[in-house]
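Visitor: I would like a close look at one part of this protein. Please put the model up, and keep it simple.

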Amino acid sequence: MTTDFIATLALTFKLAGLTTLILYPIGLALGAYLAFKDGVFKLFVETLTWMPLVLPPTVLGFYLLVLFAPTSPLGAFLQKFHIRFVFSFSGLVLASVIFSLPFMVNPIQNALKSLPKSLREASYTLGKSKVFTFFRVLLPNIKPALLMAAITTFAHTVGEFGVVMMVGGNLEGQTRVASIAIYTQTEANNLTLANQYALILSVLSFALLFAVFLIQKRTQAFYKF
């Protein structure tokens with residue numbers, strides 16, 4: 001394996017890891033809001049959260065390019081502080097956070113909604129605050145869902161192509177992740193190297209999916225018991 005090959009994989013896993021870490025607190029907050037609130041605004045927030053699942057990645061990438069381009073008002077403003085999201089690793093992280101958001105929020109939201117209301121009521125009756133109840137009563141009861149949210153978010157980020165290509169391009173050592181490397185190496189007819197990338201991502205995807213299904217099976221067995 002060459003240095004570039006290892007660097008590309010390292011960048012891919014770094015992107016997926018950072019995206020997962022950033023989305024965890026966001027997923028907890030949004031998941032709790034969507035699980036316990038109601039009303040028109042909740043539907044609006046839920047629709048925005050699910051948009052990345054139905055929106056073509058190139059559309060999201062295009063609008064992020066337009067929004068943060070140096071010629072745009074926001075892009076020009078950020079340039080004054082030497083902040084650049086277009087064709088940079090920071091841009092990849094931002095795009096990945098938006099694109100992988102539903103994969104973090106959905107398992108947490110569904111798990112919180114499935115908990116009996118009596119758990120919260122009992123905690124409040126004992127004089128515990130909402131914050132204490134959330135972190136010390138509710139979250140410990142949805143550990144499998146928290147793990148599943150992290151795994152699916154990580155796996156989805158590793159496999160991203162369209163949005164990271166649009167926002168980050170193909171800069172070696174900066175924005176070239178494994179999915180982009182497969183495309184570029186295939187285009188260059190370097191099928192051996194493309195296969196190495198593809199094989200590693202395939203094995204990783206299988207392992208992560210196996211872990212998700214195993215968690216689901218054990219969770220179902222636990223609640224059945």
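Visitor: In what order do the elements of the protein run from the N terminus on? Then take me to the aromatic pairs: how many does the count come to?

Guide: From the N terminus on, the elements run α-α-α-α-α-α-α-α-α-α-α. That comes to eleven helices and zero strands. Both are DSSP runs numbered from the N terminus: a helix (H or I) has at least four residues, a strand (E) at least two.

A word on the ground rules. This is a predicted model, in which local features need pLDDT of at least 70 and side-chain atom pairs count only at pLDDT 80 or more, while totals for chains, interfaces and linings use all residues. Residues are numbered from 1 along each chain as its sequence is written, and side-chain values use heavy atoms, with hydrogens and water left out.

The C-alpha trace spans about 65 × 45 × 25 Å along its principal axes. The protein has 225 residues, and 40% of them count as buried. Buried means under 20% relative accessible area, exposed means over 50%, and partly exposed is in between (1.4 Å probe, protein chains only). Contacts (heavy atoms within 4.5 Å) come next. Of those with a separation of 6 or more, 72% join residues 24 or more positions apart.

On to the rings. A pair of aromatic rings is described by the distance of the centres and the angle of the planes. Rings of Phe, Tyr and Trp (its six-membered ring) pair if their centres lie within 6.5 Å; planes under 30 degrees apart are stacked, over 60 edge-to-face, and the rest tilted. By this rule there are ten aromatic pairs.

Take Phe 5 and Tyr 197. Their ring centres are 4.4 Å apart and their planes are at 35°, so this pair is tilted. Phe 5 lies in helix H1 (residues 3-36) and Tyr 197 in helix H11 (residues 191-224), so the pair ties together parts 192 residues apart in sequence. Phe 5 and Tyr 197 are both buried.

Next, Phe 13 and Phe 154. Here the centres are 6.4 Å apart and the planes are at 15°, so the pair is stacked. This pair links distant parts of the chain too: Phe 13 is in helix H1 and Phe 154 in helix H8 (residues 143-158), 141 residues apart. Phe 13 is partly exposed, because its relative accessible area is 31%.

Rings can also form a group. Tyr 33, Phe 41 and Phe 44 are linked into a cluster by ring pairs. Follow Tyr 33 a step further. In space, C-alpha to C-alpha, Tyr 33 is 8.2 Å from Gln 109, though 76 residues separate them in sequence. Gln 109 is found in helix H5 (residues 89-114). With a relative accessible area of 3%, Gln 109 is buried. Beyond neighbours within four places in sequence, Gln 109 is in contact with Gly 31, Leu 34, Ala 35 and Glu 46.

Last, charges over rings. A charge sits over a ring if NZ of Lys or CZ of Arg is within 6 Å of the ring centre and within 35 degrees of the ring normal. Arg 120 lies over the face of Phe 36, 4.1 Å from the ring centre. Lys 128 lies over the face of Phe 132, at 4.9 Å from the ring centre.
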